[in-house]
Amino acid sequence: GLRITRTIETLTTGFQVENNPEYLSYKAAFPQEYLDHTLAVMGDLLRPRLAEWEFREVRSLVKHDVQERKANHRENVLDQVRHTAYGGVGLGRSPLCPEYNVNELYPEDLAEYILGNVI
């Protein structure tokens, strides 16, 4: 959250995050003497502390995003085209959580996913 943002602003002269279906990219420009501190902060980004209360808030946001996506005809068509093109696996899956799964999101599950697929 805010602590990490402030720390990044203090340590780096430039920081960018790019999120695509294929990858997640972090880029930082910083003086060499801040290398250890900057890598520690970036490690916190990749291995976040996941509190249950944060998930309660996020679940309602995810539900809202899923409902908005369902109402957007263009996005639905693009989802179906991608699903068909990739055979429903990998990039063929919807970028959003299935609606039936929203209440099944728990910190342990996300931590396991991050450790197994991101790091």
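Let's start with helix 3. At 1.5 Å a residue, its 20 residues should span 28 Å, and its end C-alpha atoms are 29 Å apart, which agrees. The expected span here is 1.5 Å times one less than the number of residues. Helices are DSSP runs of H or I, at least four residues, strands are runs of E, at least two, and both are numbered from the N terminus.

Ground rules, quickly. This is a predicted model, where local features need pLDDT of at least 70, side-chain atom pairs count only at pLDDT 80 or more, and totals for chains, interfaces and linings use all residues. Residues are numbered from 1 along each chain as its sequence is written, and side-chain values use heavy atoms, with hydrogens and water left out.

Back to helix 3. Which of its residues are buried? Phe55, Arg59, Val62, Val66 and Arg69. Buried means under 20% relative accessible area, exposed means over 50%, and partly exposed lies in between, with a 1.4 Å probe and protein chains only.

Next, the packing. Helix 3, residues 52-71, packs against helix 4, residues 73-85, at about 90°, with the axes 5 Å apart. That makes helix 3 roughly perpendicular to helix 4. The cut-offs: under 35 degrees is roughly parallel, over 145 roughly antiparallel, 65 to 115 roughly perpendicular, the rest oblique. Axes are lines fitted to C-alpha atoms, for helices over the stretch in contact, and angles run from 0 to 180 degrees between N-to-C directions.

Who touches whom? From helix 3, Arg69, Lys70 and Ala71 meet His73, Glu75, Asn76, Asp79 and Arg82 of helix 4. Contact means heavy atoms within 4.5 Å. Note Arg69: buried, and part of this contact.

Now the strands. Strand 1, residues 14-19, pairs with strand 2, residues 24-29, in the antiparallel sense over six bridges. Pairing takes at least two DSSP bridges. Gly14 stands opposite Ala29 in strand 2. The two strands form a hairpin, with four residues between them.

Pro21 sits in that loop, between strand 1 and strand 2. Is Pro21 buried or exposed? Its relative accessibility is 67%, so Pro21 counts as exposed. Pro21 and Leu115 are 94 residues apart in sequence, and 18 Å apart in space, C-alpha to C-alpha.

Last, Ser25, in strand 2. At 15% relative accessibility, Ser25 counts as buried. Leaving aside neighbours within four places in sequence, Ser25 contacts Gln16, Val17 and Glu18.
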